[in-house]
Amino acid sequence: AAYAAAVTPDTRVATILHTSPVTGMGVDVTAVVRAIRAVAPECYIIVDGIQHAAHGRIDLAEYGVDGYVISPYKVFSRHGYGVAWISDRLTRVEHNALLGGPADTWEMGTRDTGAYATMSQVVAYFDWLGSQVSDAPDRKARFRAAGDAIHAHEAALTEAMIHGTGNLPGLADMEGITLLGGADNPAREGLVSLRVEGVDSAEVVRRLNEQGIRTHLRKADHYSGNILTPLGFDSCVRVSLCHYNSLAEVAEFLAVMKTIAT
């Protein structure tokens, strides 16, 4: 509804952030695309999938978008290159290109073959993972199974982090802790951002790091200011989870957070 309210029949390009790198909140891309196209059917829709890519499946056929972009370093590859998929109709749009080159080429130079080799290994990994969690007979089905398994595992870890595990209270039960996006939000994907009352976010990150727990400081800058500034926050602590993390690691994190928050 929020997207539709911002769209007019003259809207030519719309962008969707699949998952926020600050709050971890994902959106229903298919539903958002449907709402946009109901008002502006010819609109080009580009999705930023950078945060989402490592935390669940990507189904371009289902989304019906014109572009989907990821940063491979955030999905088990390396820094220094990006990967994008574009639709046939976006491919045909006039764009900067090498003189004399193929009309539908968007790359401006020689490909980094090493980068593509690492991305091929990532693809092979998802294929393998899908074979470990399902009996899916084909590659696409294995990819879907891998994405669903990743999402389910991370959801369980996030639930434990927020609501507790064993005899350890969760973040929602610790006094003085504010969770960005609230405690019960099914849209959250493998990420919890928080603030501790009376303790600077940088200090929280430092104390966790001393215990071998790596988290990230997010400041109200050009990356995160659109979320933090309206909330009146100058920073927050971002705790990222992935499918290689365990419930034992979440318990270690909660034990340290309990001492920081008291």
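A charge sits over a ring here if NZ of Lys or CZ of Arg is within 6 Å of the ring centre and within 35 degrees of the ring normal. Start by selecting Arg-111 and Tyr-116: Arg-111 lies over the face of Tyr-116, at 5.4 Å from the ring centre. Then jump to Arg-89, which lies over the face of Tyr-44, at 4.1 Å from the ring centre.

Some housekeeping before moving on. This is a predicted model, where local features need pLDDT of at least 70 and side-chain atom pairs count only at pLDDT 80 or more, while totals for chains, interfaces and linings use all residues. Residues are numbered from 1 along each chain as its sequence is written, and side-chain values use heavy atoms, with hydrogens and water left out.

**Next stop: the rings**

Rings of Phe, Tyr and Trp (its six-membered ring) pair if their centres lie within 6.5 Å; planes under 30 degrees apart are stacked, over 60 edge-to-face, and the rest tilted. The whole structure has six aromatic pairs. Select Phe-76 and Phe-126 for one of them, a tilted pair at 5.9 Å centre to centre with 50° between the planes. Phe-76 is in the loop between β3 (67–70) and β4 (83–86), and Phe-126 is 50 residues away in helix α5 (residues 113–133), so the pair links distant parts of the chain. (Helices, H or I with at least four residues, and strands, E with at least two, are DSSP runs numbered from the N terminus.)

Buried or partly exposed: which is Phe-126? Phe-126 counts as buried, at 16% relative accessibility, whereas Phe-76 is partly exposed at 33%. The cut-offs are under 20% relative accessible area for buried, over 50% for exposed, and partly exposed in between (1.4 Å probe, protein chains only).

**Last stop: helix α7**

Select residues 201–210 and colour Ser-201, Val-204, Val-205 and Leu-208, the buried residues of α7. They cover an arc of only 95° around the axis, so they sit on the same side of α7; the arc is that of the directions from the helix axis to the C-beta atoms. Just after α7, Gly-212 takes a positive phi of about 80°.
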